[in-house]
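Biologist: Before we go through the labels on this model, I would like to see it. Please put it up, and then I will ask how each label was reached.

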Amino acid sequence: MGRVRCKDYRGLKSLNSEQQQQLHAARKTTHAYLQQSAAVPEGTTASVNIPTATFSNGRTIPLIGLGTWKSSPGQAHAAVSAAVRCGYRHIDCASIYGNEHEIGAALAELFAEGTVQREELFITTKLWNSDHNNVEAACRRSLAALHLTYLDLYLTHWPVVTGCTGPTLVPSTAETWSAMEGLVRQGLVRSIGLSNFSRVKLQQLMDSPTLTIKPAVLQVEAHPYWPNTALIDWAQQQGIHVTAYSPLGSPDSAQMLGRDPAKSGSSSSKGVAAAAAAEGLTGQQPQLMQHPLVLDMAKRHRKSTAQVLIRWSIQKGTSVIPKSANPERIKANLDVFSWSLSDADMTALARLAEVASQRMVDGSFWLSPEGPYRRLEDLWDAAVPDREVLRQQVIARYTNINTPQPHATLNTGSTIPLLGLGTWKSQPGAVRA
């Protein structure tokens, strides 16, 4: 049996009544989830050889982790239990997700029953915007909730400070980073990094005269609709490992972030709607996992669409943190190392951004007329694709036969346009329109 070490954490608080109810529900849900997955019985763990990447400080990170953002109450406990039992050794958390106590309870149970040892796991969590003035206290709260004595990776979640207005952040990114460095010196954290930072903001930090520990990781959104190639390539050249979040295109982020698909500016023209649908531009959010190219690629490789998209991220040299609460899909998402996508596959997927470029988590919720970010360009330090312009580009591809379209080369030497208009289930007269 494993042992759980108890520590006296300063500022440790007991769970409130709502968290206690959630934890009770989570434990009940865990048993049901594990019973769904007959492959890995409760109390056992699968042996999976997950490749790792090495940080500039010599630490390593498993290339696949379990994302826990958007998990409903009770789901995180069950998902973490199922994931660790089927071989995951990398769990991505954040204080703002509101489920660290669930995850901590699941980890404590796994440690106690000897399913896994603490040293075998890689646990990430993140500093929230409201805690930049209290970095150590925030870290200790997360450690207490997670039932851990140290974190493998602690990230600054956003370049945002709650309540800060004006042209600059207070405290500055460099000041927050100095506090993060202190966590490493105290042994509370092994590696530190950043999430949702642009190249400009990251370079500014690295040029800071007070910096003593280089960022080990940059966690950013990356998938074929938003490949983030320039930023990823630059970070890798700087020796900074990149973790890709929302690798499946975050299909439910519109609902989670309060976006209204009904206000997408769609045209009344059925022909235009059909063209947009063929590009995966249904509603306001493109649906990457429903794109015909991704579906066809999954069928050809005899894999799921999720596996194709995860494999795409892995081959780009990033680690990846897909989220799922379904034990079968959690297990299936690990099956991405015994096969590969061809160069043509990788290129075809990357070119989807040419016609459907879309950042799913665009950070618009941080904009304020009082600053420091009045426009998305201020947050990301780059031009932001205009959705209406994108829609018109999609329409043009279907209404102007002289507009060149991206092609893929078949094994016969012939070429095929990457995007086509499907006609299945069209009503009489609709195809001509």
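Modeller: The model is predicted. By the rule applied here, two cavities of 30 Å³ or more are found.

Biologist: What makes the second largest cavity count towards that total?

Modeller: The second largest cavity holds about 40 Å³ of space, and the cut-off is 30 Å³ or more.

Biologist: Which residues line the second largest cavity, and how many of them are nonpolar, polar and charged?

Modeller: The lining consists of H132, T156, W158, P159, V161, L169, T173, T176 and F197. Five are nonpolar, four are polar and none is charged.

Biologist: Is W366 buried, partly exposed or exposed?

Modeller: W366 is at 22% relative accessibility and therefore counts as partly exposed, the class between 20% and 50%.

Biologist: How many aromatic pairs are there in the whole structure, and why is the pair of W158 and W366 called edge-to-face?

Modeller: The search finds six aromatic pairs. For W158 and W366 the ring centres are 5.9 Å apart and the planes stand at 65°, so the pair is edge-to-face. The limits are centres within 6.5 Å and, for edge-to-face, planes over 60 degrees apart.

Biologist: What makes this pair a link between separate parts of the sequence?

Modeller: W158 is in the loop between strand 6 (151-156) and helix 5 (173-186), and W366 is in the loop between helix 14 (353-356) and helix 15 (376-380), so the pair ties together parts that are 208 residues apart in sequence. Ring pairs also join W128, W158, F365, W366 and W380 into a cluster.

Biologist: How do you know that R359 sits over the ring of W380?

Modeller: The charged end of R359 is 3.6 Å from the ring centre of W380, against a limit of 6 Å, and the rule also requires a position within 35 degrees of the ring normal. R190 likewise lies over the face of Y150, at 4.0 Å from the ring centre.

Biologist: Why do strands 3 and 10 count as edges of the sheet?

Modeller: The open sheet has eight strands in the order 3-4-5-6-7-8-9-10, with parallel pairing. Strand 3 (66-67) and strand 10 (319-320) each have a single partner strand, so one side of each has no neighbour in the sheet.

Biologist: What makes strands 8 and 9 a pair?

Modeller: Five bridges join strand 8 (residues 217-221) to strand 9 (residues 241-245), and a pair needs at least two. The two strands run parallel, with E221 opposite Y245 in strand 9.

Methods
Residues numbered from 1 in each chain as written. Predicted model: local features only at pLDDT ≥ 70, side-chain atom pairs only at ≥ 80, totals over all residues. Heavy atoms only, no water. Helix = DSSP H or I, 4+ residues; strand = E, 2+ residues; numbered from the N terminus. Phe/Tyr/Trp six-rings, centres within 6.5 Å; stacked < 30°, edge-to-face > 60°. Buried < 20%, exposed > 50% of the residue type's maximum accessible area, 1.4 Å probe, protein only. 1 Å grid on protein atoms, 1.4 Å probe; cavity = no way out; pocket = protein on both sides within 12 Å on 5 of 7 lines; lining within 4 Å. Points joined across faces, edges and corners; volume = space filled by probe spheres on them. Nonpolar A, V, L, I, M, F, W, Y, C, P; charged D, E, K, R; others polar.
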